[in-house]
Structures are given as C-alpha cells and as structure tokens.
Amino acid sequence: MKKFSLALTLTVLGLFALAAEETVLFASDFKPEKKGYNFWAAKGMTTSNQVKDGKAFLEVKESAAEKQNVWNVQFSVVYAKGFTAGVNYRVTATVVSSSDFTVESSVSLNKAPWTTLARVKTDLKANQPAQIELKFIPKEDIADAYRIPVFALGNAPAGTVIEVTDVKLVEIK
C-alpha cells in the first residue's frame, strides 16, 4: 500500500510539473495621476472616465453619434514590448457593467491597419462580473505596439457605467 501511495504521489507531482508555466508580462495598475489606459469616443458620444481604487470606471452618458457603431467608444491598454512567433499568450480582464449589453474585445495593432490577433464577444449582464479572455499565438515576431485589450463599448446603453480591473497579459510555456 505504501508503494502505491508513493507512486500515486509521484505521478500527481509529475503532472503538476508538466502543467503549463505562465509568466505575467503585464498587469494593470490604474492610478488617477497616470491612468494606464486610453479612452476614446467618437463625435456625438458623451462619456467620462476615471480611476478609483485601482479600477477604471467608464461611463457612456449619451449616444448621439451620426452613425451608431460598436467602435464609437473604446477602452484600451497599450503594450509596446512585442510578441514572439509561436508563443502562446493570453489576455484577461474583469469587467462589470451596470447594464446588459454585448462588448466586443480584441487584441489589435495600435495603428492602421488595426490587425487583430484575437477577438471575442461577451454578453455582459448588469452588475455581474465577467472574465474576458483572449488567446493567441503570433505567426511571426511582432515589434509593434498592440492594444491588450481594446473593448468596443459603443453599444452600451446611455447611462451605463463599466468597471475594468485586473487586465493581464501572460505568456504560456
């Protein structure tokens, strides 16, 4: 019985050793004096944003843009250290919205042509935390700055407040 227990213990430990190793490359540190993110709204969109207690608070007050578009309001965190070809990456963030709506999230180039490495749509439910996750493996080395992530908030109902925390980029080996 002791040999069986020892073998089982070693097997379990071996499985843990084979588990993927993750290295945090970026973790958000939102501060009032240096927010650590970009917030943009199209003409006709009335919005506000602030940092409190390490959280980003974004508000879509009114939507009077000529053309309604999910990209009319954008939140992004820029990462300028590049990515290595063939490596697994994961971006995560926690989002809480005061209203139900669908947010589109992506990892994309921070300039035209806005190349996208990963994209996901998430149905947010009022006052329920949602974990957004984007996984990608670059096909080639990338030196350009990317938005990790960018959230398209243009479909948020007027009066919606969105809280963003725990933005992380990890490399998975």
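What share of the 173 residues in the protein chain is buried? Buried residues make up 40% of them, where buried is under 20% relative accessible area, exposed is over 50%, and partly exposed is in between, with a 1.4 Å probe and protein chains only.

Hi everyone, a quick word on what you are looking at. This is a predicted model, so to speak of local features we need pLDDT of at least 70, while side-chain atom pairs count only at pLDDT 80 or more, and totals for chains, interfaces and linings use all residues. Residues are numbered from 1 along each chain as its sequence is written, and side-chain values use heavy atoms, with hydrogens and water left out.

Let me start with the overall layout. The protein chain has one helix and 11 strands; these are DSSP runs, with helices being H or I of at least four residues and strands E of at least two, numbered from the N terminus. Along the sequence the pattern reads α-β-β-β-β-β-β-β-β-β-β-β. If we take contacts in the chain with a separation of 6 or more, 75% of them join residues 24 or more positions apart, a contact being heavy atoms within 4.5 Å. The chain exposes about 10,100 Å², and carbon and sulfur atoms supply 52% of that area; the areas come from the Shrake-Rupley method with a 1.4 Å probe, and for residues only the protein chains shown count as cover.

Five strands form an open sheet in the order 2-5-10-7-8, with antiparallel pairing; two strands pair if DSSP finds at least two bridges between them. Strand 2 (38-41) and strand 8 (116-124) stand at the edges with a single partner strand each, so one side of each has no neighbour in the sheet. From one strand to the next the twist averages 20°, using axes that are lines fitted to C-alpha atoms and angles that run from 0 to 180 degrees between N-to-C directions. Inside this sheet, strand 5 (residues 73-79) and strand 10 (residues 146-152) pair in the antiparallel sense over five bridges. Which residue in strand 10 is the bridge partner of Phe75? That partner is Phe151.

Glu104 lies in strand 7 (residues 101-109), and at 11% relative accessibility Glu104 counts as buried. The side chains of Glu104 and Arg119 are joined by a polar contact of 3.1 Å. By polar contact I mean a pair of N or O atoms within 3.5 Å; within protein, one must be able to donate a hydrogen and the other to accept it, and residues adjacent in sequence count only if both atoms are side-chain atoms.

Next, the charged pairs. How many salt bridges are there? The count comes to eight, with a salt bridge defined as a side-chain nitrogen of Lys or Arg within 4 Å of a carboxyl oxygen of Asp or Glu. Take Glu22 and Arg90, whose closest N and O atoms are 2.8 Å apart in their salt bridge. Glu22 lies in strand 1 and Arg90 in strand 6 (residues 88-97), so this pair ties together parts that are 68 residues apart in sequence. Glu22 is partly exposed at 43% relative accessibility, whereas Arg90 is buried at 16%. Arg90 also forms a salt bridge with Glu133, at 3.9 Å between the closest N and O atoms. Glu133 sits in strand 9 (residues 130-136) and Arg90 in strand 6, so here the parts tied together are 43 residues apart in sequence. Glu133 in turn forms a salt bridge with Lys135, at 3.7 Å, and Lys135 is exposed, with a relative accessible area of 54%.

Beyond four places in sequence, Phe26 is in contact with Val77, Tyr79, Ile148, Val167, Lys168 and Leu169. The C-alpha atoms of Phe26 and Val170 are separated by 7.0 Å, although the two are 144 residues apart along the chain.

My last stop is Asn49, in strand 3 (residues 45-52). Asn49 is partly exposed, at 24% relative accessible area. The Asn49 side chain makes polar contacts with the side chain of Lys35 at 2.7 Å and with that of Tyr37 at 2.8 Å.
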